[in-house]
Number of protein chains: 2
Amino acid sequence: MPQSDTTNRQILLASRPVGAPTAANFNLVETAIPAVGTGQMLLRNRWMSLDPYMRGRMSDAKSYADPVPVGGVMTCATVSEVLESKLDGYAAGDLVMSFASGWQDYTLSDGAMVFRLDNNMKEPSQALGVLGMPGFTGYMGLTDIGQPKAGETVVVAAATGPVGTVVGQVAKLMGCRVVGVAGGADKCRYAVEELGFDACIDHKADDLNDKLIAACPKGIDVYFENVGGKVFDAVMPLLNPHARIPLCGLIAQYNATELPAGPDRLPQLMRLMLSQRIRMQGFIIFDNYGHCFPDFLKTMTPWVESGKVRVKEDRVEGLENAPEAFIGLLEGKNFGKLVVKIAD
Amino acid sequence: MPQSDTTNRQILLASRPVGAPTAANFNLVETAIPAVGTGQMLLRNRWMSLDPYMRGRMSDAKSYADPVPVGGVMTCATVSEVLESKLDGYAAGDLVMSFASGWQDYTLSDGAMVFRLDNNMKEPSQALGVLGMPGFTGYMGLTDIGQPKAGETVVVAAATGPVGTVVGQVAKLMGCRVVGVAGGADKCRYAVEELGFDACIDHKADDLNDKLIAACPKGIDVYFENVGGKVFDAVMPLLNPHARIPLCGLIAQYNATELPAGPDRLPQLMRLMLSQRIRMQGFIIFDNYGHCFPDFLKTMTPWVESGKVRVKEDRVEGLENAPEAFIGLLEGKNFGKLVVKIAD
């Protein structure tokens, strides 16, 4: 079902999931391609990004961003081509990345949350990954909150995802010992052999705690938290004095429908943070660090081009396959940055 | 039972408490006054400090400092007079403050953790409070981790204690709205009428949550955490985006013998820190900020002398009364910085 020149396929939030999302929570519809008014431009979407944060948008629990309304188009970032422009500064043919796009073929834009890309960019989908929100998240959280020093031990979960690969590879460039956690032997092998991590532990094995202890003989100085759950439980006892915890995601919790059974470990965590003098900071990348994006690109782009930072994408073909791919993302089925190719 | 010139009264840790300490956990003995060797000095202790952190030293749970051994002298800071010195730089008659002292009449010192005081200091006991560890804790936690901006709302518990009074009064000097939490109407009245807090809520009343909501109409930007427990529970839902939580103590937990019943709210706290982009940092004042102590004294001393920062002490007479006073401290019975006068 390829992109059409005459209709706009859209994937709507059909209903709010209870627990893990299912196909029934999404609804693909065909609508008219919107007309372009003054101060607007029409984007033809070529690549769309699927990211764990979208699970939050499907829920109406209080969060930092408004939820997608039931019946509304699922939000996402896209790499798009300007098809028609009545907006100053943009012309037909321009390549852009929009953070205010949607799971759809065409997006009407007023230019807000749109960044211009190099029209000759070799791999435009990287603007959704290593050179976009996830890579930026890994880089800023590691460097600004984590502040790793050479010789320290950095642990990152979801190690082969688009955040984890950047965290680990940049930490290696900074002279750290890097230990990843990932789901499955293939991902772990990739993290060590291709990305250069010192170790990577399979959280699906039943000895996560022992393996992590063995991989971190000097304890943990920076734990980059994007997962939560049992990985965090294994990390806690190993945190060194003055450890830092950048906190950008909790994918292990996103489908939870209630709090876990007791005892209540909230006081335990606070006691640990006090006695070990730990700093934990939650951050939402563009909210905290938007002004740093140009500098980030100046640093990361040459690293990617030279191969100092390697990139792994998990490409899915066809807008209509986005819901299934997203459901798999929350289960850890993807291997690398998950992007959906909507059109050439 | 006054201080003697011939014997050294010492209060020992007789046994480790299970839950709240009792008188049976302490043992007062009389020993010989130690002889002074080369590189040592003998301190005659005049004032001793009682602080919540000492509950941790009575336990052998893993923490940032070694526990007091059973049968060992309870540790504390004292304001002392040098009685005899074979240590360069100190002479008989010098007034000092020692962080490595004990619940006793005389302390043998090698000069480690000893700070010289002005021999003419009007209120030497303030070196244990507003101009010592607690005041320094409040000042650095608030200014360096809390980083309050004028117009923001700062909440501090144990509002009339030596940390809370400094946090609140300095936050007022910085132009913040300051809301205290304290135990009892007298303490709350003092915080508002004498210290100038905008509001102070009695946590012994049964409407802590509602009162805190009413006192913080713009939410909470800085919560200075020195208590934990139900105050933190009431604070959590009110934390604004980008709130900061300096964490220096958890007195409400110190006597706990097991974790509270479930559900497990650890994931809830992490979710809150992520969605509200909260920074929490545990700190141990001299470990994190020891190098800042001289600058702190330069700032705080004139504030105290001019009355910009007001001081409240709760003075107990007699070394032998220290255990009972300490047990009361953990129950919130003191009103102001708790110090024990050992001798003139």
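By what turn and shift can chain B be laid on chain A? A turn of 180 degrees and a shift of 0.0 Å along the axis do it, with an RMSD of 0.0 Å (a least-squares superposition on C-alpha atoms of residues with pLDDT of at least 70 in both copies). The two copies are thus related as by a two-fold rotation axis.

Some housekeeping: this is a predicted model, where local features need pLDDT of at least 70 and side-chain atom pairs count only at pLDDT 80 or more, while totals for chains, interfaces and linings use all residues. Residues are numbered from 1 along each chain as its sequence is written, chains are lettered from A and ligands numbered from 1 in the order written, and side-chain values use heavy atoms, leaving out hydrogens and water.

**Symmetry and the cis bonds**
- Gly262(B) is the residue of chain B that comes closest to the rotation axis, at 1.6 Å (C-alpha).
- The same surface serves both copies, as 100% of the contact residues of chain B recur in chain A (contact means heavy atoms within 4.5 Å).
- Gly262(B) is also joined to Pro263(B) by a cis peptide bond, with omega about 5 degrees.
- Pro263(B) sits in the loop between strand E12 (239–247) and helix H7 (266–275) of chain B (DSSP runs numbered from the N terminus: helices, H or I, have at least four residues and strands, E, at least two).
- Over in chain A, a cis peptide bond joins Gly262(A) and Pro263(A), with omega about 5 degrees.

**Helix packing**
- In chain A, H2 (residues 133–146) and H3 (residues 162–173) pack at about 40 degrees, axes 8 Å apart (axes are lines fitted to C-alpha atoms over the stretch in contact, and angles run from 0 to 180 degrees between N-to-C directions).
- That makes H2(A) oblique to H3(A) (under 35 degrees is roughly parallel, over 145 roughly antiparallel, 65 to 115 roughly perpendicular, and the rest oblique).
- By class, the contact of H2(A) with H3(A) has nine nonpolar, four polar and no charged residues (Ala, Val, Leu, Ile, Met, Phe, Trp, Tyr, Cys and Pro are nonpolar, Asp, Glu, Lys and Arg charged, and the others, Gly among them, polar).
- In chain B, the axes of H2 (residues 133–146) and H9 (residues 293–306) come within 11 Å and cross at roughly 100 degrees.
- H2(B) and H9(B) are therefore roughly perpendicular to each other.

**A positive phi**
- Ala158(B), a residue other than glycine, has a positive phi near 45 degrees.
- Ala158(B) is in the loop between strand E8 (153–156) and helix H3 (162–173) of chain B.
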